[in-house]
Structures are given as C-alpha cells and as structure tokens.
Amino acid sequence: MKRFRFSSLMLVVGLLFIYLPMLILVIYSFNASKLVTVWGGWSIKWYVGLMDNSQLMGSVVRSLEIACYTAIAAVALGTLAAFVLTRITHFKGRTLFGGLVTAPLVMPEVITGLSLLLLFVAMAQMIGWPQERGIVTIWIAHTTFCAAYVAVVVSARLRELDLSIEEAAMDLGARPWKVFFLITIPMIAPSLAAGGMMSFALSLDDLVLASFVSGPGSTTLPMEVFSAVRLGVKPEINAVASLILLAVSIVTFLVWFFSRRAEENRKRAIQQAIEESAADSWKQPDVRRAQPEAV
Amino acid sequence: MNMRKFKRRLNRIIPGGRQLVIGVPFIWLFLFFMLPFFIVLKISFAEADVAIPPYTEIYSYAEQKLQLLLNLGNYAMLGDDELYIAAYLGSLKMALISTILCLAIGYPMAYAIASARKELQTVLVLLIMMPTWTAILIRVYAWMGILSNNGLLNGFLMSMGLIDEPLQILNTNLAVYIGVVYSYLPFMILPLYANLVKHDTSLLEAASDLGSSTFNSFWKITVPLSKNGIIAGCMLVFIPVVGEFVIPELLGGPETLMIGKVLWQEFFNNRDWPVASALAVVMLAILIVPIILFNRSQAKEMEGKE
C-alpha cells in the first residue's frame with residue numbers, strides 16, 4: 001500500500017499549503033509593529049482602528065446588503081434552473097439552457113464583467129434604465145454567476161431524491177406547485193441553505209464583476225481592499241482580511257453543521273419508518289386473526 | 001418513464017406552468033449572460049470616441065439609408081501588436097502549466113480523501129471547500145506578505161543560512177504560478193473527489209486478485225474511470241486562469257503578460273472600450289472549445305449519466 005501512503009502524505013502537505021498562508025495572515029494581523037514583516041508583539045490596535053474608518057465601514061455594509069439580496073435571488077433562480085435540468089428532460093433549447101446554466105462557472109470574470117457593463121450601458125441608452133450603476137447592477141451580476149453554483153449544488157441533491165415520493169403526492173391529487181413547495185423544497189432544504197450561504201460568500205468576495213458594473217459611490221469591500229492592497233501589505237488590511245476569513249469560516253461551518261444534522265435527521269427518520277413498517281407488518285396477521293373472535 | 005409521467009401531469013394540470021418554470025431562468029440567463037456577449041461583439045467593431053459612452057455607434061440611419069460601419073481596426077491591431085499576442089500566449093502558457101501542476105498535486109489529494117473513512121471524508125471535503133468561498137483577493141494578499149523581499153519566506157531561508165541575500169520572488173512569474181496553483185487547487189480536487197468517491201472498489205480487488213500490481217490497476221482502472229472528473233477539474237482551472245486578473249496584478253511583475261490584466265488596463269486605464277471588447281471576443285473564441293467540453297461533462301453529471 002505504498003501509493004496510499006504517498007497520497008495521504010500529499011493530502012497533509014496540500015492542506016498545509018492551503019492553510020498556512022491564511023494562518024500567517026491572521027497571526028500577523030495581531031502584530032503591534034507598523035512594519036508588516038517585523039514582529040512587534042501582540043496587539044489588537046489595527047482592529048480598533050478599523051472602526052474609525054467610516055469609508056471602509058460603509059463598503060462593508062454595502063457588501064453585506066448586496067450579498068443578502070444575491071443569496072436570496074440566486075437560490076430562487078438556481079433552484080428553478082436545477083429543477084428544469086433534472087426533471088424536465090426534453091424541451092426545445094435544452095442544450096442551450098444547460099450551457100447557459102453551467103458556463104458562468106468557468107467564464108473568466110473579466111469577460112462577464114465587461115459584457116454586463118456594456119449591456120447596462122446599452123440598456124440605459126435604449127430604455128433609460130439603469131440610470132446609474134450601483135447596488136442593483138452589482139446584484140444582477142452576482143445573482144447570474146451565483147445561480148450557477150446553486151444549480152450545481154441543488155441538482156446534485158435533486159438527482160439523489162426518490163422520485164416516487166413526488167409521484168405519490170401527485171397520484172393523491174396534489175398539484176405540481178403544491179408538490180414542489182410541500183415535498184420537494186423541504187427535502188432539498190439543506191442544499192438550498194448551502195447554496196444560499198455559498199452565494200453569500202461568493203458575492204462578498206467578488207472584486208472583478210463589482211469593479212466593472214459598479215458606479216461612482218458604490219464601492220464594495222473587496223474594491224476597497226484591492227485599492228489598498230495594490231500599494232503593498234498594510235497592517236490594517238491584515239485585520240480586514242482576517243475578519244473576512246473569520247466570517248467565511250463561520251458561514252462554512254454553519255453550512256456543514258446544518259447539512260450534517262439534516263442528513264442525520266433524515267437517515268434517522270428513514271430508519272424509524274423502516275422499523276415501524278416492519279413492526280406493523282409483523283403485527284398485521286394478529287389483528288386479522290383477532291377480529292373474528294371479537295365479532 | 002417516471003419523468004414522462006411527472007411531466008405529463010405538470011402539463012395537464014397547469015397549462016403554462018411548465019413554460020414559466022423553464023422561462024424564468026432561461027430569460028434571466030439569456031438577458032444577463034448571453035445577450036451581453038453580442039453587445040461585446042458589436043462594440044468590438046466600433047471606434048473609441050471621446051464621449052459617454054466612449055465608443056461610436058456602428059450603424060446609422062439618415063436620409064432613408066441604413067449604414068453599417070464595421071471597424072476592423074481593433075482586430076487588426078490585436079494581430080499587429082506583439083504585446084497582445086504575447087499576452088494571449090502568456091495566459092495560455094500560465095493556464096496550461098498551472099492546470100498540470102494542480103492535477104499533479106490535486107489527484108493524490110482527492111484520492112486520499114476518497115479512500116479515507118466516511119466521517120473523515122466530510123471534514124476533509126469541508127477543509128478543501130472552505131478556501132473556495134474565501135476571496136481570492138485575500139488568499140493572494142496572504143502570499144504577498146510571504147513572498148516579498150523582506151517577507152517570511154526569505155527571512156526563513158536566510159536565517160537557515162541557505163541564501164545570503166533575499167530571492168526576488170514577488171513580482172515574478174514564479175509568484176504568479178504559486179498564487180494560481182494555490183487559489184485554484186480546490187477547484188481541481190472537488191470534482192476529482194466527487195468522481196473518485198463513486199468508484200466501485202470491487203474492480204480494484206478483482207484486478208489485484210488476478211495479479212495486477214497496485215500501480216497497474218490504478219493506471220488502468222482508476223484513472224480511465226475518473227476521466228469525467230479530470231476533465232471537469234482541468235477545465236475549472238484552465239478556463240478561468242486564462243482570464244485571471246487579480247493574481248497577475250498583485251503577484252506578477254512587468255514580465256507577467258496576461259490577457260486579463262491587459263483587458264483590465266485597456267478598459268479602466270485607457271478607457272478604450274472597443275479594444276477591450278475585441279480582446280474579450282478573441283479570448284472567448286480561444287476558450288469556446290474548452291467551455292463546450294466543460295459544459296458537456298457537467299451536463300452528463302447533472303443528468304446523472306455515467
């Protein structure tokens with residue numbers, strides 16, 4: 001099993017490679033020294049200093065606002081797209097549709113950003129909207145590319161689902177919309193939550209799309225960070241970056257925790273149902289035999 | 001069959017419901033993803049102008065004459081100017097080498113995760129997934145502090161006595177390679193893992209029962225079976241890296257010529273929208289084959305076909 005050991009070693013080294021730089025960044029955000037490469041003892045002064053930076057705080061609020069709207073819209077749009085892709089197998093333009101759903105995953109951001117900006121400019125000329133670019137245009141850009149991620153996550157879940165439950169509900173006369181909202185949605189809820197959190201994080205992180213489609217006065221947090229980072233490493237930026245890392249870690253952990261718990265509940269429910277039905281079928285002959293005696 | 005039954009009911013009970021379900025995402029994606037490309041194509045034929053917006057209209061209607069004026073100058077310029085050609089080649093080289101590096105590092109990692117215990121797997125996948133949700137900007141920024149001349153890596157190497165003076169790593173292509181592999185490694189591992197974890201181990205057992213060496217069965221069974229995962233992973237790295245802007249901008253130096261950076265500069269610094277559009281059109285033309293490959297492998301994945 002030499003290969004197995006080699007791949008495990010690679011995994012450990014790879015994880016170190018992924019996490020060490022982030023760990024160093026967080027440690028150095030507590031560096032008291034103004035010189036970023038010299039260790040001057042522990043301090044939280046850079047975090048305290050952030051609070052006074054009203055421009056930065058404004059961009060944080062704006063980014064969070066956009067991320068919330070994006071998460072909601074991307075989940076709605078992505079779920080619809082995933083539903084179409086997994087449940088409706090034949091319709092005109094399905095190949096095109098599939099391509100449109102998955103292409104945003106790989107499309108270079110500079111292309112998407114540029115093309116959306118040109119669309120908004122053309123629309124402003126033709127129909128007078130959007131008069132100025134800002135939160136709404138960034139939201140549209142983020143929703144379009146986050147919906148692709150949601151569609152991938154949700155379609156994976158939809159594929160695993162047992163179709164017979166939905167069919168049973170329809171055989172009992174439930175309308176498709178009712179089936180979708182009362183049966184399909186609760187069953188795929190963990191993946192919707194995961195998709196929403198993911199969209200939130202992706203929207204919060206995006207620099208390139210936002211730079212293209214934002215207007216004056218609507219800079220987002222990554223844009224602020226980028227313009228500061230371009231000039232070199234700064235202790236304040238270390239602190240901002242650490243806070244973003246913390247926020248993303250918490251969101252990721254919550255997704256993992258809730259989806260795991262939902263999965264466990266589901267397994268327990270299935271197990272329980274199996275046991276109960278097994279117990280019932282065991283009892284049934286007794287009931288039938290007992291009935292004539294009672295009569 | 002089940003699908004058809006489902007569909008028939010959907011059709012019968014609410015006419016128009018089906019169209020609505022398909023139509024909403026379709027129209028959104030058409031309007032905000034596909035249509036914009038045609039506008040980019042249109043503007044790539046325009047001329048830069050000092051106006052708002054800064055380009056000329058390519059058609060005009062006057063005295064009952066519709067004039068279409070296609071300016072091929074932008075494309076001619078791309079072909080003539082060595083800077084642009086070098087930038088395209090630089091991007092492709094960067095993307096190709098990084099993809100190979102990511103595959104070489106990511107495959108063993110994905111393999112190790114897929115062969116770990118079930119409970120451990122979910123934790124490991126989470127550990128790999130988390131960085132993909134974290135801003136590329138921040139992860140790249142972390143490397144700036146490590147790779148700079150008076151940064152941690154040089155300090156470490158000097159204190160070990162391995163080098164006498166700091167190595168110039170930041171603002172070179174080497175730093176860009178490190179940054180790209182670092183940022184895109186998870187995108188290689190996740191689809192590979194998703195594929196490897198589905199493999200039936202009985203095939204490997206059968207092969208080893210029949211006397212196949214471990215490496216032989218890995219090469220002849222595991223690797224061919226993971227073809228879709230390899231394609232998806234490679235495309236998820238290769239395509240975005242060709243257009244990457246943040247990493248070459250922050251870690252690269254003057255020698256780093258990449259098309260994403262050039263496009264950004266044409267657009268934001270020179271305000272030459274038509275040239276930026278032409279750059280985007282050519283980039284898309286280069287990437288269309290990989291994108292179609294990726295979409296195919298995704299479509300197979302989404303429909304649950306093996």
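**Entry 1: spans in chain B.** I began with residues 85-111 of chain B, where the end C-alpha atoms lie 38 Å apart and the span is 100% helix and 0% strand. I kept in mind that this is a predicted model. Next I checked residues 20-41 of chain B: 100% helix and 0% strand again, with 30 Å between the end C-alpha atoms.

**Entry 2: the largest pocket.** I then went looking for open space, and the largest pocket holds about 2100 Å³. I found 49 residues lining this pocket, with Ala156(A), Glu160(A), Val125(B), Met129(B) and Tyr193(B) the closest to its centre. Both chains take part: α6 (135-160), α8 (176-205) and α11 (235-294) of chain A each give two or more lining residues, as do α5 (118-133), α8 (173-196), α11 (227-242) and α14 (273-303) of chain B. Sorting the lining by class, I got 25 nonpolar, twelve polar and twelve charged residues.

**Entry 3: the second largest pocket.** My next stop has a volume of about 770 Å³. The second largest pocket has 32 lining residues, and nearest its centre I noted Leu96(A), Gly99(A), Leu100(A), Ile292(B) and Asn295(B). Which element gives the most to this lining? I found that α14(B) does, with 13 residues. At least two residues each also come from α4 (94-106) of chain A and α2 (17-43) of chain B. By class, I noted 21 nonpolar, eight polar and three charged residues in the lining of the second largest pocket.

Key:
Residues numbered from 1 in each chain as written. Chains lettered and ligands numbered in written order. Predicted model: local features only at pLDDT ≥ 70, side-chain atom pairs only at ≥ 80, totals over all residues. Heavy atoms only, no water. 1 Å grid on protein atoms, 1.4 Å probe; cavity = no way out; pocket = protein on both sides within 12 Å on 5 of 7 lines; lining within 4 Å. Points joined across faces, edges and corners; volume = space filled by probe spheres on them. Helix = DSSP H or I, 4+ residues; strand = E, 2+ residues; numbered from the N terminus. Nonpolar A, V, L, I, M, F, W, Y, C, P; charged D, E, K, R; others polar.
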